[in-house]
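Morning, everyone. Please have the sequence and the structure open while I talk. I'll begin with a term we need.

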Amino acid sequence: MKSHFIKSLVSVGALTAVAVLAGCAAITPATPEATVQKRAQERVNLMQAREFTKAYAYLTPSYRALNGADAYSKSFGSGASWVEPKVDQVKCPDSDRCLVSVTVGVQVVAPGFGTKPLPSTMWETWVLEDGQWWFHKYN
């Protein structure tokens, strides 16, 4: 009886190990395009919400070393806001650089612009540094 119980326990353990290993083998690392798509969408969502300090965390370490979060946040005025930003396309021509197309409506808060957001498309550059993808701000 005890021997049968031990054999059953060993069988269950072996089956569990096989299932876990099979599950691990099925997990594939994300492509650079998928990783950048996710991070870029997170960043533009933060920009839309005017969470500039949180969006600052997506900037390259070299930019952050030279520019503080407070100055970055203060560089955005209140004359316009983003409406429904969406990462449309990610192309990675190099192993450490991706180009991202973002469409966004720009709601201008000024006389003569009306209430309808102005459609806009912008291109962003994302770079791979220290194993992480970062938004590269040119200025």
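A residue is called buried when its relative accessible area is under 20%. Keep that cut-off in mind. One more caution before we start: this is a predicted model.

Tryptophan 126 and phenylalanine 135 are both buried. Where do they sit? Let's build up the sheet.

Four strands make an open sheet, in the order E1-E2-E3-E4, and the pairing is antiparallel. Which strands are at the edges? They are E1, residues 80-94, and E4, residues 132-136; each of them pairs on one side only. From one strand to the next, the twist averages 30 degrees.

Look at the E4 side. E3 covers residues 118-129 and pairs with E4 through five bridges, in the antiparallel sense. Here our two residues come back. Phenylalanine 135, in E4, is the bridge partner of tryptophan 126.

Next, the helix over the sheet. Helix H2 spans residues 32-48 and lies across E1, E2, E3 and E4. Strand E2 is residues 97-108. Against E1, H2 runs at about 165 degrees.

Now the charges over rings. Which ring does arginine 43 sit over? The ring of phenylalanine 135, with the charged end 3.8 Å from its centre. Arginine 39 lies over the face of tryptophan 134, and the distance to that ring centre is 5.3 Å.

On to aromatic pairs. How many are there? The count comes to five. Take tyrosine 56 and tyrosine 72. Their ring centres are 5.7 Å apart and their planes meet at 50 degrees, so this pair is tilted. The pair links distant parts of the chain: tyrosine 56 is in helix H3, residues 52-56, and tyrosine 72 is in helix H5, residues 69-74. The two tyrosines are 16 residues apart.

Buried or exposed? Tyrosine 56 has a relative accessible area of 11%, so it is buried. Tyrosine 72 comes out at 3%, so it counts as buried too.

Back to tryptophan 126 and phenylalanine 135. Their ring centres lie 6.0 Å apart with the planes at 50 degrees, so that pair is tilted as well.

Last item, the cluster. Which residues do ring pairs link into a cluster? Phe52, Tyr56, Tyr63, Tyr72 and Phe76.

Technical notes
Residues numbered from 1 in each chain as written. Predicted model: local features only at pLDDT ≥ 70, side-chain atom pairs only at ≥ 80, totals over all residues. Heavy atoms only, no water. Pairing = 2+ DSSP bridges. Axes fitted to C-alpha atoms, helices over the stretch in contact; angles between N-to-C directions. Contact = heavy atoms within 4.5 Å. Phe/Tyr/Trp six-rings, centres within 6.5 Å; stacked < 30°, edge-to-face > 60°. Buried < 20%, exposed > 50% of the residue type's maximum accessible area, 1.4 Å probe, protein only. Lys NZ or Arg CZ within 6 Å of the ring centre and 35° of its normal.
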